[in-house]
Amino acid sequence: VLFRPRIEPYYFMPFLIGLLTVPTTAALNLMETTARAFGWMRAAFVPGYIARPLFLMAAVFAMVRLGLHPDAIATVWALAAACLVGAAGQAYVVLRGLKRTVPAAEPARHAKHWAAISLSFVTIDGFRQVLENSDMLMIGRMLDPSSVAAYYAAVRTGGLIAFIYFAVVALAAPKFAKIHIAGTREEMQRFVTGVIQLMFWPSLLAAIALAVLGPYALSLFGMDFAEGYPSLIVVLLGLLIRSATGPVEYMLNMTGYHSDTMWVYGASAAICIGLNLLLIPALGIVGAALSAYAAIAMASIWLSFLVKSRLGITAFVVPLGRKETRAAAREIA
């Protein structure tokens, strides 16, 4: 509100409504991670990643059917409602599960320890948000809204392959800590090799399919969105490089080397902003894609070298490892 004179009028209300959803989104994230900690995968992922988007689509579809012609403001209100419904449902399921699972006990508090650890993770996530979203914000500042829309469509379409990465990481991350504490380096190497196989090859197939179908997929948003296709290709390449190194960030975070992740993401976020300043004026939305996903790829490769240095683990895809892949799949299951 204080900076309203410096914000374009067409962004102000969607931005304000979006900010209102932040507490609800935080509640969704908290409930998701709590459920993951107990191994309740349906409770962790269904409300936020299935129910919420379905509710959003249903709300927009209803507005269209009623002849209301939903604009950005109405759609963001629908998103806020979807987040609220998802958070309420997830809180009910998770809290009920906690009552059944966790016995009544006097809590032990380690505030200083958790504050120090949490500060590192807050910093990591802050840098990650800059790395993953500064391109969109800087396009909005330097270019017109139609460019923002085309780029957003390209990023979201390409981001479909990131679901594979996310799905594997969500199940594999706790195993890194378990093997680090109770297993051997060889066991960790076999598991990491299998996990990377599980995420890279399906991601490669999905990327090829999206590259082929990209023009059609983008045309579903409107004919003007086809200009996002070159950006889509850059997005796919960047995400493939990330899949090729596997969940290196989580390997470091779950084994006590989260400070390395923090410094890498901080440097990568700064590089991303610098590249955006240089390339967006020269190349438009393609420059934004090159800036963001070159920085993401660089961070993944850098972290893979740190995994080798800190843990003695090679974190890169190799065209081998069927046995390791099957073993990793069984371990995750």
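**View 1. Helix α6 passes helix α12 in a right-handed crossing.** A crossing is right-handed if the near helix is turned clockwise from the far one by less than a right angle, and left-handed if anticlockwise. This is a predicted model: local features need pLDDT of at least 70, side-chain atom pairs count only at pLDDT 80 or more, and totals for chains, interfaces and linings use all residues. Residues are numbered from 1 along each chain as its sequence is written, and side-chain values use heavy atoms, with hydrogens and water left out. Helix α6 covers residues 145-158 and helix α12 covers residues 285-311. The two pack at an angle of about 45°, and their axes are 10 Å apart. That makes α6 oblique to α12. Helices (H or I, at least four residues) and strands (E, at least two) are DSSP runs, numbered from the N terminus. Axes are lines fitted to C-alpha atoms, for helices over the stretch in contact, and angles run from 0 to 180 degrees between N-to-C directions.

**View 2. Helices α11 and α12 pack with their axes 8 Å apart.** Their angle is about 160°. That makes α11 roughly antiparallel to α12. Angles under 35 degrees count as roughly parallel, over 145 as roughly antiparallel, 65 to 115 as roughly perpendicular and the rest as oblique. The crossing of α11 past α12 is right-handed.

**View 3. R310 and D260 meet in a salt bridge.** Their side chains come to 2.8 Å, N to O. R310 belongs to helix α12 and D260 to helix α11 (residues 258-283), so the pair ties together parts that are 50 residues apart in sequence. R310 is partly exposed, at 36% relative accessible area. D260 is buried, at 12%. Buried means under 20% relative accessible area, exposed over 50%, and partly exposed in between (1.4 Å probe, protein chains only). A salt bridge here is a side-chain nitrogen of Lys or Arg within 4 Å of a carboxyl oxygen of Asp or Glu. The structure holds five salt bridges.

**View 4. D125, R128 and E249 are linked in a network of salt bridges.** Between R128 and D125, the closest N and O atoms are 2.2 Å apart. Both residues sit in helix α5 (residues 111-142). They are three residues apart there, so about one helical turn separates them. R128 is buried, with a relative accessible area of 15%. D125 is partly exposed, with 35%. Side chains of opposite charge can pair when their charged atoms come close.

**View 5. E186 and R185 form a salt bridge.** The closest N and O atoms of this pair are 3.8 Å apart. E186 is partly exposed, at 43% relative accessible area. R185 also counts as partly exposed, at 43%.

**View 6. Five residues make a nonpolar surface patch of about 460 Å².** They are V46, Y49, I50, L54 and M57. M57 lies in helix α3, which covers residues 41-65. M57 is exposed, with a relative accessible area of 51%. Patches are made of residues with over 30% relative accessible area and no salt bridge; like charges are joined within 9 Å, nonpolar side chains (Val, Leu, Ile, Met, Phe, Trp, Tyr) within 5 Å. Accessible areas come from the Shrake-Rupley method with a 1.4 Å probe; for residues, only the protein chains shown count as cover.

**View 7. H69 has a positive phi of about 50°.** H69 is not a glycine. Most residues other than glycine have a negative phi. The loop between α3 and α4 (72-101) holds H69. H69 is exposed, at 71% relative accessible area.

**View 8. M254 and K175 are 8.9 Å apart in space, C-alpha to C-alpha.** In sequence the two are 79 residues apart. M254 lies in the loop between α10 (248-253) and α11. M254 counts as partly exposed, at 34% relative accessibility.

**View 9. The C-alpha atoms of S146 and F316 are separated by 38 Å.** Along the chain, S146 and F316 are 170 residues apart. S146 is found in helix α6. At 45% relative accessibility, S146 is partly exposed.

**View 10. The C-alpha atoms of A37 and A270 are separated by 32 Å.** The two residues are 233 apart along the chain. A37 is in helix α2 (residues 22-37). A37 is exposed, with a relative accessible area of 68%.
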